[in-house]
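Here is my note for a colleague who is new to this model. Please keep the structure open while reading the points.

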Amino acid sequence: MPTGAGSGIGRATALAFASEGARLIVGDVNEPDGLATVAAVQERGAEAEFVRADVSRSGDCAAMVERALRRFGRLDVAFNNAGINLPVAPIAEVKESDWERILAINLTGVYLCMKHEIPAMKRGGGGAIFAIITSIGLTGIASRFSIVPRSRSLVIAIVVTNRVENISTMQTRPGTTLSTVSCSGL
Ligand SMILES: NC(=O)c1ccc[n+]([C@@H]2O[C@H](COP(=O)([O-])OP(=O)(O)OC[C@H]3O[C@@H](n4cnc5c(N)ncnc54)[C@H](O)[C@@H]3O)[C@@H](O)[C@H]2O)c1
């Protein structure tokens with residue numbers, strides 16, 4: 001169950017899982033893009049269903065997990081990938097609304113997904129949860145401030161400090177990958 005699977009890394013991950021025979025719930029807030037991913041998965045002969053889900057909303061995350069359980073009877077792997085970016089800016093120039101939006105999607109979104117994924121995986125005997133981070137979340141950028149890496153550093157903390165029996169929690173740290181996010185200034 002990749003989130004943000006309508007484009008970029010999320011879509012590529014959905015296609016890679018499809019090639020391995022996985023059955024997929026494709027989550028994204030963007031319905032046309034999510035449906036396009038489902039079509040691409042189905043072209044590869046795999047099963048997939050789109051669920052429109054905004055990861056900053058607990059109810060959407062719950063509904064996405066519930067759909068996986070209803071359709072496939074279990075949830076084995078979750079890839080908490082959905083995220084947005086904003087251009088790097090000095091902190092005094094970051095708008096409060098942007099700060100709140102980034103944290104709601106890039107940080108709270110991971111928490112909300114895990115909150116609903118973990119009980120579902122426990123019911124199935126275990127699973128694996130991946131959360132996407134960024135290398136700059138570990139190091140920062142000298143003399144510049146970006147709230148995107150900052151939002152990711154707490155994701156690292158959530159993943160590292162939340163070991164659950166029979167559920168592997170892992171961080172995925174991609175190199176710079178050409179996509180909407182990377183082209184918007186990370
Ligand atoms: N591209 C890079 O170089 C890079 C590097 C490090 C980390 N990342 C992270 O990887 C993830 C994927 O990025 P990408 O490069 O594939 O970008 P992308 O813009 O192609 O994909 C992001 C996807 O997330 C979806 N999305 C946005 N807000 C959402 C929300 N509230 N709920 C559900 N879905 C939402 C978008 O519709 C889009 O399909 C992001 O979290 C990004 O921060 C990217």
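1. A residue is buried if 20 or more other C-beta atoms lie within 10 Å of its own, exposed if 12 or fewer, and partly exposed in between; C-beta atoms are placed from the backbone. In α1, the buried residues are G8, I9, G10, R11, T13, A14, F17 and A18.

2. A word on the source. This is a predicted model: local features need pLDDT of at least 70, side-chain atom pairs count only at pLDDT 80 or more, and totals for chains, interfaces and linings use all residues. Residues are numbered from 1 along each chain as its sequence is written.

3. Now the overall layout. The protein has seven helices and five strands. Helices (H or I, at least four residues) and strands (E, at least two) are DSSP runs, numbered from the N terminus. From the N terminus on, the order is α-β-α-β-α-β-α-β-α-α-β-α. Of the 186 residues, 38% count as buried.

4. Two residues are in contact if their C-beta atoms, placed from the backbone, lie within 7 Å. Among contacts between residues at least 6 apart in sequence, 67% join residues at least 24 apart.

5. Back to α1, for its length. At 1.5 Å a residue, its 12 residues should span 16 Å, and the end C-alpha atoms are 17 Å apart, which agrees. The expected span is 1.5 Å times one less than the number of residues. Just after α1, G21 takes a positive phi of about 90°.

6. Which residues come nearest the ligand? Of the 30 residues around the ligand, they are G4, G8, G83, S179 and T180. The elements that give two or more residues to this shell are α1 (8–19) and α7 (180–183). A residue is near a molecule or strand if its C-beta atom, placed from the backbone, lies within 6 Å of it. The shell divides into 10 nonpolar, 17 polar and three charged residues. Here Ala, Val, Leu, Ile, Met, Phe, Trp, Tyr, Cys and Pro count as nonpolar, Asp, Glu, Lys and Arg as charged, and the others, Gly among them, as polar.

7. Next, the strands. Two strands pair if DSSP finds at least two bridges between them. β1 (residues 24–28) and β2 (residues 48–52) pair in the parallel sense over five bridges. The chain crosses from β1 through helix α2 (residues 31–43) to β2, and this β-α-β crossover is right-handed. That term applies if, with the strands pointing away from the viewer, the path from the first strand over the helix to the second runs clockwise. L24 stands opposite A48 in β2.

8. β3 (residues 77–80) and β4 (residues 127–132) pair in the parallel sense over four bridges. F79 has F130 in β4 as its bridge partner. β3, α4 and β4 make a right-handed β-α-β unit. β4 also pairs with β5 in the parallel sense, over six bridges. There, F130 stands opposite M170 in β5.

9. Is T169 buried or exposed? T169 lies in β5 (residues 167–172). T169 is buried, because 21 other C-beta atoms lie within 10 Å. T169 and I129 are 40 residues apart in sequence, yet 4.8 Å apart in space, C-alpha to C-alpha.

10. L103 sits in helix α4 (residues 96–123). L103 is partly exposed, with 16 other C-beta atoms within 10 Å. Leaving aside its neighbours within four places in sequence, L103 is in contact with T108 and S151.
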